[in-house]
Amino acid sequence: MVYFIVKRMIQSVFVMLAVAFLAFSLFRFVGDPITQMTGVETSVVDQERLREELGLNDPFVSQFIRFTGDMLQGDFGYSYRTRQPVADMITERVPATLELGVVALIISLLVGVPAGVYTALKPRGIWTQTILMTTLVGVSVPTFVIGIMLIFLFGVQLGWLPTFGRGGTVQIGNWESSLFTFSGWRALLLPAITLGVYQLTLTMRLVRAEMMEVMRSDYIRFAMARGVPMRKLHYKHAMVNTMVPVITIIGLQFGGVIAFSIVTESVFQWPGMGLLFLESIRFVDIPVMGVYLVVIAFFFVLVNLVVDLLYVAIDPRLRLRELE
Amino acid sequence: MIAFLKKYEGLWLFVHSPSAIVAAMVATLIILGAIFASWIALVNPYDLASFSLFDGLLPPVWQDGANPKYLLGTDDQGRDMISAILYGARLSLIIGLSALTIAAVIGVGLGLAAGYYGGRFDAVVMRIADVQLALPAILTALLIDGIARGILPAAIQQDLRVAVLTLAIALSLWVNFARTARATTFVQMNKEYVQAAIMMGQRPSRVMFVHILPNILGPLLVIMTVDLASAILLEATLSFLGIGLPADSPSLGTLIRIGMQFMLSGEWWILWIPTLFLIALVVSINILGDFLRDIFNPRLR
């Protein structure tokens, strides 16, 4: 158990180092940092002096070590475009994206898991066929189109909900939250549904596949033969065993949610990290791109680590295998 | 006839699956329309001289004030919507298919080799795949696009947009191919025919491509259809975000982005017709993909 945890942590550190290396290479080789920092009036001599002072002539490895050290201390450098510290720009945007992502994830689970279980238990029902057909369309409709449709219906035609921005926000320490005002929730609803729909279809399909697999297994057949009441069989024996993959789904989907939030944030002009990333790509703002990459990778690695540890906690078989 | 169909089980299932037939028809129609776009289309949307601003913002024929020449209306520039969509679909399909081909070549090549050689090579390829899989495709594609913007000189960037976009999509989709090819190759490696071929002293490349590859084509074909849909969606999304293709050579995604500007002003067709078209294309490809998966995975039937 301890061995497993330590092994996973070492793996995570390696993934983070790989991503940091990627970000560093971006920063170092895509465009020349000196030309980005200085204007046309700066003489070549001054440019060279600056290059020497900033240590850009040092060996590659020592530059990378310094870069990683700075990152660990929370020093992410300055944006080429706004000249602000990147760390400030990103932390300012984190709450918006996280709140959007978490609400979207909750929506997708609250609808996706029951729908998946239902369609697995009644595979020939008319509702199941309808739901499955709808999700196939749901997978095929790109996120931005879902966003446009929701804006058109609820924003433009019906005029019920705002179509851009975060609405009213409350400042709690460094965290700018829109979860505590009515207008904040109103503004959150459409983007969260947009972001949740695609994840919802994935959740549903996976839960369904898993549930069908479990229902075919020997212990369920045996329980059926023993005369365990159907309700208990479905919701106690079968569903509990589908929960392991559901946890993986949450882990994987968190990644999807964060990535697709780029699209959703763009459609709804939601002031989160995704919008910042898009702007930084458009203006080739390499420091922001690199740091965004590192921050996102950190979220992923963290979530995946937690998921793996939860696995071991939930599934006794995995613990046994470790003991052998 | 029935005996013939029963012999080929896939075909038999196909003629008995109405959704697969409809999907195949829709996909074929769109693909044919895209291939013959320059013959069908009234105007060439890339050629500014072939359309006129005076024809701008005409609604589709079934609405008042329409010009019967333009069946689905025109956009603000006076471009015929049908022409714009056909050319847009052509561009989307070209980018999607070339990206898919590149992704398949890279992914299947690496996956086959990883499954064949195993050991350290396999470990390295799979670790790279793991890291990339942690980043969703859209993020990878955006990143590659951003890097290309930084590296390429501004003068040739516009000319290379299509190539950059294709490469960005290809590099974000190869992992699926690699993983599937590797897993299925592993299974084949234990089969006697492969062992026999190796023992006969055949070259590794021959064993991989002549013996193993034909036997793992089924699952790869399923990945191909599913990933074609993903590639088209990725392209549309990137173009919609405004970092894909510029507005003078519009793909379906660019058309939707342009159409968004008219959402509030009542010219619904500029937004919704390309959108419907994109959805129809991707839905039909996905239905075909689902159908193929069911064929190759009898357990799900």
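Modeller: A residue is called buried when its relative accessible area is under 20%, exposed when that area is over 50%, and partly exposed in between. The model discussed here is a predicted one.

Colleague: Which residues of α13(B) are buried?
Modeller: Helix α13 of chain B covers residues 252–260. Of its 9 residues, 7 are buried, so the helix is largely enclosed by the rest of the structure. The buried residues are Leu252(B), Gly253(B), Thr254(B), Leu255(B), Ile256(B), Ile258(B) and Gly259(B).

Colleague: What do the buried residues of α13(B) pack against?
Modeller: Two chains contribute to this packing. Chain A supplies α7 (143–157). From chain B come α5 (81–117), α12 and α14.

Colleague: How many helices and strands are there in chain B?
Modeller: Read along the sequence, the pattern of chain B is α-α-α-α-α-α-α-α-α-α-α-α-α-α. The count for chain B is therefore 14 helices and 0 strands.

Colleague: At what angle do α12(B) and α14(B) pack?
Modeller: Two packed helices are described by the angle between their axes and the distance between the axes. For α12(B) and α14(B) the axes are 9 Å apart. The angle is about 165°.

Colleague: Is α12(B) roughly parallel or roughly antiparallel to α14(B)?
Modeller: The packing angle of the two helices is about 165°. Angles over 145 degrees count as roughly antiparallel, so α12(B) and α14(B) are roughly antiparallel.

Colleague: How do the residues of the contact of α12(B) with α14(B) divide into nonpolar, polar and charged?
Modeller: On the α12(B) side the contact includes Gly218(B), Leu221(B) and Thr225(B). On the α14(B) side it includes Asn286(B), Leu292(B), Arg293(B) and Phe296(B). The residues divide into 13 nonpolar, 4 polar and 1 charged.

Colleague: Leaving aside its neighbours within four places in sequence, which residues is Leu221(B) in contact with?
Modeller: Leu221(B) lies in helix α12 of chain B, residues 217–240. With a relative accessible area of 40%, Leu221(B) is partly exposed. Its C-alpha atom is separated by 7.9 Å from that of Leu292(B), 71 residues apart along the chain. Beyond its sequence neighbours, Leu221(B) is in contact with Leu292(B) and Phe296(B).

Colleague: Is Thr166(B) buried or exposed?
Modeller: Thr166(B) is found in helix α9 of chain B, residues 161–189. Leaving aside neighbours within four places in sequence, Thr166(B) contacts Ile95(B), Ser98(B), Ala99(B) and Ile102(B). Its relative accessible area is 8%. Buried means under 20%, so Thr166(B) is buried.

Colleague: How far apart are N and O in the salt bridge of Asp122(B) and Arg182(B)?
Modeller: Side chains of opposite charge can pair when their charged atoms come close. Here Asp122(B) in helix α6 and Arg182(B) in helix α9 are 60 residues apart in chain B. Asp122(B) is buried at 8% relative accessibility, whereas Arg182(B) is partly exposed at 21%. The N to O distance is 2.5 Å.

Colleague: Which residue forms a salt bridge with Arg161(B)?
Modeller: A search over all chains finds 2 salt bridges in the whole structure. In the one formed by Arg161(B), the closest N and O atoms are 2.9 Å apart. This pair links helix α9 with helix α7 (residues 137–151) of chain B, and both residues are buried. The partner of Arg161(B) is Asp145(B).

How values were computed: Residues are numbered from 1 along each chain as its sequence is written. Chains are lettered from A and ligands numbered from 1 in the order in which they are written. This is a predicted model: local features need pLDDT of at least 70, side-chain atom pairs count only at pLDDT 80 or more; totals for chains, interfaces and linings use all residues. Side-chain values use heavy atoms; hydrogens and water are left out. Helices (H or I, at least four residues) and strands (E, at least two) are DSSP runs, numbered from the N terminus. Buried means under 20% relative accessible area, exposed over 50%, partly exposed in between (1.4 Å probe, protein chains only). Contact means heavy atoms within 4.5 Å. Axes are lines fitted to C-alpha atoms, for helices over the stretch in contact, and angles run from 0 to 180 degrees between N-to-C directions. Angles under 35 degrees count as roughly parallel, over 145 as roughly antiparallel, 65 to 115 as roughly perpendicular and the rest as oblique. Ala, Val, Leu, Ile, Met, Phe, Trp, Tyr, Cys and Pro count as nonpolar, Asp, Glu, Lys and Arg as charged, and the others, Gly among them, as polar. A salt bridge is a side-chain nitrogen of Lys or Arg within 4 Å of a carboxyl oxygen of Asp or Glu.
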